[in-house]
Amino acid sequence: PESNVRQASQRCVQSKCDAYLAGSFGVSLIHAVDVYQRTYRALHYGILFVVLSFALFFLYEVIAGLRVHPIQYALVGFALIAFFLLLLALAEHVGFGLAYLMGAGGCIALIGAYVRYVLGSRGRALSLMTFLGVLYAALYVVLGSEDYALLMGALLVFAALAAFMLITRRLDWYALPAPGLPAGRRAD
């Protein structure tokens with residue numbers, strides 16, 4: 001499309017500059033979110049992610065009547081932290097989406113293989129892996145949304161808190177096993 005800049009500038013020479021001054025011309029550049037920014041954003045949600053994962057792990061412990069040692073929590077925590085390191089390292093070479101998939105898949109598989117014995121059954125391990133997969137998928141969606149990331153993160157926290165409260169609403173916290181009692185049933 002043609003502009004009327006020439007006509008407006010000729011009128012401005014005749015001291016009728018309103019049309020000339022009212023016009024504007026400019027360029028807006030879209031700043032794409034690069035690999036490092038997306039990884040940095042993932043790290044911002046990292047604490048929330050680790051807390052939600054531990055809360056899920058804790059729910060399995062409490063509801064199944066198992067005892068999970070703090071070292072076992074720490075090992076699961078280290079696996080969760082390794083995800084972020086893998087994400088950054090892989091994203092430099094294969095792109096963010098594939099790096100996220102590889103890091104999440106590897107960590108979910110590692111945690112699943114480990115908690116199979118900690119939680120005492122394959123079924124519990126598979127359900128925990130499924131929930132972790134949903135959590136990783138939710139984090140990916142939050143990271144991909146530039147405009148609604150905070151809103152989506154807040155909704156995720158609210159949903160997780162609501163689920164935790166509803167799942168444990170009938171739990172008698174005083175009836176939980178004391179630290180000196182034997183550990184729960186273990187798998188073969």
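Predicted model: local features only at pLDDT ≥ 70, side-chain atom pairs only at ≥ 80, totals over all residues.
Mentor: Local features here need pLDDT of at least 70, side-chain atom pairs count only at pLDDT 80 or more, and totals for chains, interfaces and linings use all residues. Residues are numbered from 1 along each chain as its sequence is written, and side-chain values use heavy atoms, with hydrogens and water left out.

Trainee: Why is helix 6 called roughly antiparallel to helix 7?

Mentor: Helix 6 (residues 96-118) and helix 7 (residues 122-144) pack at an angle of about 155°, with their axes 9 Å apart. Angles over 145 degrees, on a scale from 0 to 180 between N-to-C directions, count as roughly antiparallel, so helix 6 is roughly antiparallel to helix 7.

Trainee: What makes phenylalanine 96 count as buried?

Mentor: Its relative accessibility is 5%, and buried means under 20% relative accessible area with a 1.4 Å probe, protein chains only; therefore phenylalanine 96 counts as buried.

Trainee: Which residues does phenylalanine 96 touch, not counting residues up to four places away in sequence?

Mentor: With contact meaning heavy atoms within 4.5 Å, phenylalanine 96 touches Val35, Arg38, Thr39, Leu87, Ala91, Tyr140 and Leu143. The C-alpha atoms of phenylalanine 96 and valine 35 are separated by 5.8 Å, although the two are 61 residues apart along the chain.

Trainee: Which residues touch the most other members of the largest nonpolar core?

Mentor: Such a core joins buried Ala, Val, Leu, Ile, Met, Phe, Trp, Tyr and Cys residues through side-chain atoms within 4.5 Å, and of its 37 residues, Phe57, Phe83, Tyr100, Ile111, Val115, Leu128 and Tyr136 touch the most other members. The largest share of this core, 9 residues, comes from helix 6.

Terms used: Helix = DSSP H or I, 4+ residues; strand = E, 2+ residues; numbered from the N terminus. Parallel < 35°, antiparallel > 145°, perpendicular 65-115°, else oblique. Buried < 20%, exposed > 50% of the residue type's maximum accessible area, 1.4 Å probe, protein only.
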